[in-house]
Every structure is written in structure tokens, then in C-alpha cells.
Amino acid sequence: MPESITLQAADGHRFAAWVAAPAGAPRGGLVVVQEIFGLNRHIRRVAEGYAADGYLAVAPALFDRVERGVELGYDDAAIQRGRALKEACGNERPLLDLAAAVAHAARAGRVGMVGYCWGGLLTWLAAARLDGLAAAVPYYGGGIPEHAGLAPRCPVLAHFGARDAHIPLSGVEALRERRPEVEVHVYDALHGFNCDERASFDAEAARLARERTLAFLRRHMG
């Protein structure tokens, strides 16, 4: 059964993480990185879905840095609150939490990371700056094109929506040019197309992206 555990980052910060284990021997570990909506029901279900595919899935509560137990919905008020919490966290301290999550997931073997929205950007940063990752998959990570100068230390598969108002296609194309080693896929979809609790959900794009993600993880994690 999935459970909430407590992990500790290198700076001593203790934070919650949702852990879902596979029924049998794990293929490896997978860190699932939240959006700006906290470690909410959707992200827990995403982690559980990857556990069903054979991975020890670890989803850290990154907002615990500034406020514990955050679970937001998707209306305008939640978006504004999530953005404020993200700004309060910054992008540096959450990398310490992700490193601790990677270390925990490594008990299952090689470790991958998949992140959504803000978590997509953090996944890109982790791929370039953290040790211990065998593969990284950012979904519609706002800010990735602006950080295209970072060289990933592991294979990266990046998913974007062609109609994403937050990430211009020009930025995606610039990323392709700057980082030809990164596998980039663009879908006829909006930002947040993977989340089935949002109006921007696109079932076909989500299905295809997940299919590609699982194939990518198996290719690089065994």
C-alpha cells in the first residue's frame, strides 16, 4: 500500500514524501516531482500509476520548505497561491529535497525522475546538477528553454504542448537546437495536458506521452 514517509535533506530539512511500491520486484526507482499545486491527490495517483508499472515511486512534498501539507486544486485562487509558494521555495532548496528522494529511490536500483510544470523545470535542473539519475522526463517545464545552457548528465525526454501559453514554441525549438541530445516531443495540447483533473487535460496527448515515457525509462533503466 502507498504510504507517507519522512525524508531528510542534506541541510537537515525534514519533509514528507508519498511512496508507492510495485507489487513485485521493482524495475528501479522513480522520483515524481509535483506541480505548483503541492503533493495533491493527482500527483499521488501519478506516483501510484508508475508503481503499477513496476517502479518504486517517491513523490516529495517540496512545499514543506515553506508550508506543510499543501494540497491545492486548480482554480484561479489555487494557481495564485501555488505560484506564491513556488516563489517562496525557489529552485535551489528543492534540489536538496530531490537529492534525498533520489537516494531513497535508489534502494530499488537505477533511478529516473519525472516532473510536471514547476516539477518539469526542477527535473531539468536535477538532470544537469544532481548525481544518481539514469533518466529524466520533464513535462511542460516552464523555464527549461531559459536554462538550455545547462548540460544534462543523463538522458532526457522532454514533453511540451504546442498550444501552451506559458512556453512559446520558439523556446522549445531553441532548446532542440541548443540540446540536440535531448529527445523532445510536442503535442497539440495545452499546458498541463497530463492532468486529468484540469480543463487542459488531453487524453490522447497524455496517453502518448506516457507511452513514450515508459519506453524511455525502460531503455535507460533496464
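Visitor: Which residues touch the most other members of the largest nonpolar core?

Guide: This is a predicted model, mind you. Of the 82 residues in that core, the ones touching the most other members are Val 31, Val 32, Tyr 50, Leu 98, Tyr 116 and Tyr 139. Helix α4, residues 118-129, gives the most to this core, with 7 residues. As for Leu 98, its contacts beyond four places in sequence include Val 31, Leu 122 and Ala 126.

Visitor: Why is Ser 200 called buried?

Guide: Buried means under 20% relative accessible area. Ser 200 comes in at 13%, so it counts as buried. You'll find Ser 200 in the loop between β8 (183-187) and α6 (203-221).

Visitor: What makes the Ser 200 and His 191 pair a polar contact?

Guide: The cut-off is 3.5 Å between N or O atoms. Here a polar atom of the Ser 200 side chain lies 2.8 Å from the backbone oxygen of His 191, so the pair falls within that cut-off.

Visitor: How do you know that the span of α6 agrees with its 19 residues?

Guide: At 1.5 Å a residue, α6 should span 27 Å, and its end C-alpha atoms are 26 Å apart, so the two agree.

Visitor: Why do the buried residues of α6 line one face?

Guide: Seen down the helix axis, they fall within an arc of 165°, so one face it is. Among them are Ala 205, Ala 209, Phe 216 and Met 221.

Visitor: What caps the N-terminal end of α6?

Guide: Asp 202 does, with a side-chain oxygen 3.2 Å from the backbone nitrogen of Glu 204. Just after α6, Gly 222 takes a positive phi of about 85°.

Methods
Residues numbered from 1 in each chain as written. Predicted model: local features only at pLDDT ≥ 70, side-chain atom pairs only at ≥ 80, totals over all residues. Heavy atoms only, no water. Helix = DSSP H or I, 4+ residues; strand = E, 2+ residues; numbered from the N terminus. Buried < 20%, exposed > 50% of the residue type's maximum accessible area, 1.4 Å probe, protein only. Polar contact = N/O pair within 3.5 Å; in protein donor to acceptor, adjacent residues only side chain to side chain. Expected span 1.5 Å × (residues − 1). Arc of directions from axis to C-beta. Core = buried A, V, L, I, M, F, W, Y, C linked by side-chain atoms within 4.5 Å. Contact = heavy atoms within 4.5 Å.
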